[in-house]
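Take a look at the sequence and the model below.

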There are 2 protein chains.
Amino acid sequence: MKGNIFYAQSGGVTPVINATAAGVIDAYQKNKNVFGKLYVGKNGILGALKEELIDISKESQSELKLLKQTPGGAFGSCRLKLNDFKKSEKNFIRIYDVFKKHNIRYFFYNGGGDSQDTTNKISKFFKDKNYPITCIGLPKTIDNDLPITANCPGFGSVAKYIATSTLEASLDVKSMSETSTKVFILEVMGRHAGWLAAAAGVIKNKAGDPPHIILFPEIKFNEKYFLKKVKEAVNKYGYCVIVASEGIKNGKGQFLSDSGLKDSLGHSQLGGVAPVLSSIINTNLDYKVHWAVADYLQRAARHIASKIDVDQAYKLGLSSIAYAKKNIGDIMLTIKATTSKSKYNWSIGSTKLDNVANIEKKLPTNYIRANGIEITKTCNKYISNLIQGEDYPSYHDGYPKYANLKCNTIKKKLKSYKL
Amino acid sequence: MKGNIFYAQSGGVTPVINATAAGVIDAYQKNKNVFGKLYVGKNGILGALKEELIDISKESQSELKLLKQTPGGAFGSCRLKLNDFKKSEKNFIRIYDVFKKHNIRYFFYNGGGDSQDTTNKISKFFKDKNYPITCIGLPKTIDNDLPITANCPGFGSVAKYIATSTLEASLDVKSMSETSTKVFILEVMGRHAGWLAAAAGVIKNKAGDPPHIILFPEIKFNEKYFLKKVKEAVNKYGYCVIVASEGIKNGKGQFLSDSGLKDSLGHSQLGGVAPVLSSIINTNLDYKVHWAVADYLQRAARHIASKIDVDQAYKLGLSSIAYAKKNIGDIMLTIKATTSKSKYNWSIGSTKLDNVANIEKKLPTNYIRANGIEITKTCNKYISNLIQGEDYPSYHDGYPKYANLKCNTIKKKLKSYKL
């Protein structure tokens with residue numbers, strides 16, 4: 001009897017996580033002689049715990065074809081970190097029961113650091129139980145903070161969005177700066193690592209080009225130095241463009257976005273580092289400021305995905321089936337990058353799950369210039385490689401045509417489970 | 001002696017105002033037998049006042065070719081409203097002196113309501129002085145609030161950006177909603193008119209589709225009703241997507257974005273209605289909220305411009321030269337729209353400047369549904385027509401290739417002028 005596959009999406013979604021799903025599905029459909037059913041977990045590992053399994057064969061082929069060009073997590077994602085099973089086996093036993101009942105012999109988990117940790121724990125638990133299952137982690141995160149892999153699918157597309165948006169908004173503020181707005185601030189994601197903020201730097205070719213200031217979470221925020229640099233840019237170039245990572249912290253180690261904003265009723269105000277920076281400039285310098293917070297717009301911007309990124313995400317999905325066919329598990333697939341004669345080449349590799357779980361890759365020191373507010377050439381080259389090429393979705397009625405899956409789950413065979 | 005042309009860009013810029021400039025330049029280059037020089041004012045009408053004139057023949061043809069695909073105002077814009085010349089003639093006399101000295105016989109001013117007012121005043125002043133000059137206003141504003149013209153160039157592209165971004169972010173929050181973020185808020189521009197907020201509504205095809213709530217500046221914000229609708233959407237669909245116009249006001253007529261946010265030092269906090277709405281939800285409902293403020297990103301998003309919009313903006317530029325050749329002035333060019341057999345057709349028309357100056361076109365009452373938070377089919381159709389087709393810029397190194405003009409000004413012939 002052929003074993004079934006369980007695939008699920010986990011953690012914060014990306015513009016190309018569905019491209020990985022599309023790769024899994026396309027390769028699976030060509031290998032039905034080897035595999036039984038392909039089940040997708042509804043809302044990540046929750047789908048396993050709740051026995052909510054989507055049978056991919058019940059979805060229409062035309063909608064599945066759109067999956068590669070669709071942002072978000074088409075099957076639902078979740079933020080749920082499993083405990084150590086040596087402390088509490090409960091959830092693991094439930095997953096074991098569900099997988100056994102549905103003859104699941106392949107586990108593909110598509111996510112970031114926490115998700116690789118989950119994959120690793122499940123792999124170890126099933127080994128303990130002598131249940132043969134091939135566990136493969138598929139990397140995904142816009143934060144680009146997984147180790148071993150040269151980069152994470154998702155990052156390249158968001159980087160392309162940020163580079164493009166920064167360039168466009170810079171042209172806008174430059175036009176307005178003579179009589180109106182002189183400073184523009186763009187807040188981007190990245191709680192702990194400055195990869196996304198760094199992406200804005202690729203558009204700078206010479207002194208004076210925007211962005212004039214990048215604020216990385218790796219560098220402590222210094223208000224005095226910041227204001228000096230803003231003033232300098234406005235005096236020299238007429239305007240100043242700032243790209244700030246949401247995760248920048250002040251000298252006391254507090255997030256700037258948590259710096260005590262309160263509304264008129266005294267309720268503390270949620271997040272947003274851009275309005276805080278805007279306030280700092282307004283209080284100290286007499287410049288009109290505009291600010292934007294990209295938030296989910298950046299993370300979902302499939303309309304301006306990087307071709308390289310889509311290709312890598314899709315290929316990872318295809319490769320998971322190739323590895324599964326050979327029963328190579330307990331691994332996370334990786335992107336291996338090589339540069340020969342300045343041409344960027346990449347291929348799919350793998351690493352043991354133990355090597356990746358719970359390690360966060362920050363921006364290397366030599367990627368940030370000594371002034372603390374610009375990226376180096378090495379960083380520029382690294383990011384530039386990952387934003388090459390466009391992969392436009394098809395459009396209908398003036399906006400992109402994205403997959404609309406039914407996501408009906410199959411009939412349950414087990415009793416319901418309380419998390 | 002052939003008369004020279006003065007063209008300038010004014011007010012808040014758009015993704016396609018340079019497409020209009022490109023139309024002017026392309027048509028001018030084919031009509032050098034009729035016209036003398038084409039001068040572009042640096043920073044709008046300031047270029048006339050300061051005698052800062054850019055001679056278009058000094059720019060490289062390859063950069064000028066990129067103009068049509070470049071956002072922002074490539075020659076600089078300004079926010080400067082001229083007084084009534086019956087009260088103070090000073091600025092008008094200066095413009096008269098500059099135009100006379102440089103033999104300027106055609107005045108094309110590319111802007112929104114204030115700019116049409118400026119064009120009108122200049123037209124009247126020069127008529128009073130018996131100086132023959134053909135004054136043509138070229139419409140432009142993402143706010144779509146000019147009267148007579150069926151729509152304003154700039155609006156369609158920003159509408160396409162907002163529709164697409166709302167759809168994409170909706171797919172993101174939908175994936176996360178089971179265990180994490182349940183509400184997403186997108187703040188869009190529109191201080192007085194809800195055209196841009198309405199644009200998000202085109203992606204809704206059936207009940208349950210996002211956006212679930214649109215907040216228009218035309219409708220008074222009612223906190224209780226708002227919270228009820230947020231709760232309803234989360235209960236029914238698992239998540240709630242809100243698109244809010246920056247200009248929404250509470251029952252007292254105050255902007256919600258000015259609702260008294262203060263930082264820890266007591267400095268009042270600048271704008272942003274999205275964080276205020278997020279705070280209202282957090283205080284009253286136990287949902288995780290994400291919010292984005294698109295700000296200049298929307299206004300500069302040339303990478304996802306509407307083809308119809310680019311075509312109209314460009315054609316307006318071409319037409320200005322055709323009208324000027326016939327010496328038809330004292331007008332603003334318009335877009336005339338006709339729909340035959342549900343096919344949208346458009347052409348260029350004109351109207352007397354007196355008809356447009358200082359009139360603001362708000363969203364018609366029959367464009368907002370009775371529930372106050374959705375658009376009607378009529379509105380959907382109107383906006384849908386304006387976002388059709390894609391007009392991608394060319395890319396270089398992974399980001400769009402935008403024009404980089406020298407914008408050197410010619411030698412001054414007059415003494416400097418104090419504004």
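Two strands count as paired if DSSP finds at least two bridges between them. Keep that in mind for this predicted model. In chain B, strands β1(B) and β2(B) run parallel and are joined by 3 bridges. One residue pair to look for is B:Tyr7 with its bridge partner B:Val40 in β2(B). On to another neighbour of β1(B): 6 bridges join β1(B) to β4(B), again in parallel. There, B:Asn4 has B:Ile104 of β4(B) as its bridge partner.

How many of the 6 residues of β1(B) are buried? The count is 5, so β1(B) is largely enclosed by the rest of the structure. Here, buried means that 20 or more other C-beta atoms lie within 10 Å of the residue's own.

B:Ile136 has B:Ile331 in β10(B) as its bridge partner.

Two packed helices are described by the angle between their axes and the distance between the axes. For α1 (residues 17-29) and α11 (residues 307-325) of chain B, the axes come within 7 Å and cross at roughly 40°. The crossing is right-handed. Residues of α1(B) in this contact include B:Ala19, B:Ala22, B:Gly23 and B:Tyr28. On the α11(B) side, they include B:Val310, B:Ala313, B:Leu318 and B:Ile321. By class, the contact of α1(B) with α11(B) has 12 nonpolar, 4 polar and 2 charged residues.

Turn to chain A. Strands β5 (residues 134-139) and β10 (residues 331-340) of chain A run parallel, with 2 bridges between them. A:Gly137 stands opposite A:Met332 in β10(A). Antiparallel pairing joins β10(A) to β11(A), through 10 bridges. In that pair, A:Ile331 stands opposite A:Lys352 in β11(A). The hairpin of β10(A) and β11(A) has 2 residues between the strands, and A:Lys341 takes a positive phi near 50° there.

Next, the helices of chain A. A:Lys325 is found in α11 (residues 307-325) of chain A. Is A:Lys325 buried or partly exposed? It counts as partly exposed, because it has 14 C-beta neighbours inside 10 Å. Leaving out residues up to four places away in sequence, A:Lys325 touches A:Asn31 and A:Val34. Helix α12 (residues 377-386) of chain A has several buried residues, among them A:Cys379, A:Tyr382, A:Ile383 and A:Leu386. The buried residues of α12(A) pack against α6 (155-176), α7 (195-199), α11 and β11 (343-352) of chain A.

Chain B can be laid on chain A by a turn of 180° and a shift of 0.0 Å along the axis, with an RMSD of 0.0 Å. The two copies are thus related as by a two-fold rotation axis. Of the residues of chain B, B:Val293 comes closest to that axis, with its C-alpha at 2.4 Å. The same surface serves both copies, as 100% of the contact residues of chain B recur in chain A.

How many residues of chain B are in contact with chain A? There are 71, and they meet 71 residues of chain A. The elements of chain B that give two or more residues to this side are α6 (155-176), α9 (273-284), β9 (289-293), α10 (295-299) and β13 (399-400). The largest share, 13 residues, comes from α6(B). By class, the side of chain B that touches chain A has 31 nonpolar, 27 polar and 13 charged residues.

Conventions: Residues numbered from 1 in each chain as written. Chains lettered and ligands numbered in written order. Predicted model: local features only at pLDDT ≥ 70, side-chain atom pairs only at ≥ 80, totals over all residues. Axes fitted to C-alpha atoms, helices over the stretch in contact; angles between N-to-C directions. Helix = DSSP H or I, 4+ residues; strand = E, 2+ residues; numbered from the N terminus. Left-handed = near helix turned anticlockwise from the far one by under 90°. Contact = placed C-beta atoms within 7 Å. Nonpolar A, V, L, I, M, F, W, Y, C, P; charged D, E, K, R; others polar. Least-squares fit on C-alpha atoms with pLDDT ≥ 70 in both. Buried ≥ 20, exposed ≤ 12 C-beta atoms within 10 Å, placed from the backbone.
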